[in-house]
Amino acid sequence: MANLKDIRKRIGTIESIRQVTRAMKLVAAAKLRRAQSNMEQARPYAGRINGVLKHLLPDINRNTHDLLNLRPAQKKAFVVFTSDRGLCGSFNTNILKQARTIIDEAGKDQAQLICIGRKGYEFFRKRGYNVVEHYADFWNELNFSHAVTMAEAVTSRYLAGEYDDVRVIYNQFKNVAQQEIEEFHYLPLVLDEGDEEISTDYLFEPSKDEVVTTLVPRHLNVQMWHFLLESNASEHAARMTSMEAATENAGDLIDRLRLQYNKARQAAITTEILEVVSGAEALVE
């Protein structure tokens, strides 16, 4: 059995860890409120612009727009969103596992990766994947210009013919306890199943072609911004939940160690009393 000094030392260490995890939980909660607010403000606009484009696409000659032209998907690119740091539960583990499965099914040798977040970049680089671009150390200053920079980088490579199809894999924020991994077809723009049924006839001024030409780059920027905000909110939610669990576990461990300490202390006191009584009896005899 560990002695009293060792137990006291372990309790002190775990108490320090609990203070750190509690502080990290509070920081994550504060960041989550801000990230969730930004995400909820961006969602309606991203959804609306996406809806307008899907209404227009059936009436547009795709061959006149480079970003709409459907060509054989011989080479694919994947944009994978992760965090820069750990201590956020299975946030990175789950998405990296699923992204790796999707990329391997598409063909590892033919796939190009754009990693948003250090964890994804380090994971795929160590395993020999073709990472053509990566971004890190920007989450604390996240703003719309980051989305524009990333969207333009992805689009320019697509227009240069480096790949024919772009998929985005990211965590979608559902609530504080739940994030879902989503795969989004980023380029070329396609209709989801059932979207062709939209047939309301609107009068467009300027022409539909001009509206689409103007909206597509804006749509790609807004979608990238949407992915960033969803991933950012999901990361903070995962970290807050993880730190809360760690704090509770530390408290449970401290309670068990204190019980063990009290038992050991009681045993030591009993032993000392017995030694005193035995010594007194020996003197009497």
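**Entry 1: H2 and H3**

I began with helix H2 (residues 91-106) and helix H3 (residues 118-126), whose axes come within 11 Å and cross at roughly 45°. That angle makes H2 oblique to H3. The model I am reading is predicted. I then looked up the hand of the crossing: H2 passes H3 in a right-handed one.

Which residues of H2 and H3 meet? On the H2 side I listed Asn92, Leu96, Ala99, Arg100 and Ile103. On the H3 side I noted Lys119, Gly120, Phe123 and Phe124. I sorted the residues of this contact by class and got five nonpolar, two polar and two charged. Arg100 of H2 and Lys119 of H3 are among the residues that meet, and both Arg and Lys count as charged.

**Entry 2: H4 and H5**

Next I turned to helix H4 (residues 144-159) and helix H5 (residues 208-284). They pack at an angle of about 120°, and I read their axes as 8 Å apart. H4 is therefore oblique to H5. I checked the hand here as well: H4 passes H5 in a right-handed crossing.

Which residues make the contact? From H4 I wrote down Phe144, His146, Ala147, Val148, Met150, Ala151, Val154 and Thr155. From H5 I wrote down Leu220, Asn221, Val222, Met224, Trp225 and Leu228. How many nonpolar, polar and charged residues does the contact of H4 with H5 have? I found eleven nonpolar, three polar and no charged residues.

**Entry 3: Recap**

H4 with H5 is filed under about 120°. The H2 contact with H3 includes two charged residues, whereas the H4 contact with H5 has no charged residues.

How values were computed
Residues numbered from 1 in each chain as written. Predicted model: local features only at pLDDT ≥ 70, side-chain atom pairs only at ≥ 80, totals over all residues. Heavy atoms only, no water. Axes fitted to C-alpha atoms, helices over the stretch in contact; angles between N-to-C directions. Helix = DSSP H or I, 4+ residues; strand = E, 2+ residues; numbered from the N terminus. Parallel < 35°, antiparallel > 145°, perpendicular 65-115°, else oblique. Left-handed = near helix turned anticlockwise from the far one by under 90°. Contact = heavy atoms within 4.5 Å.
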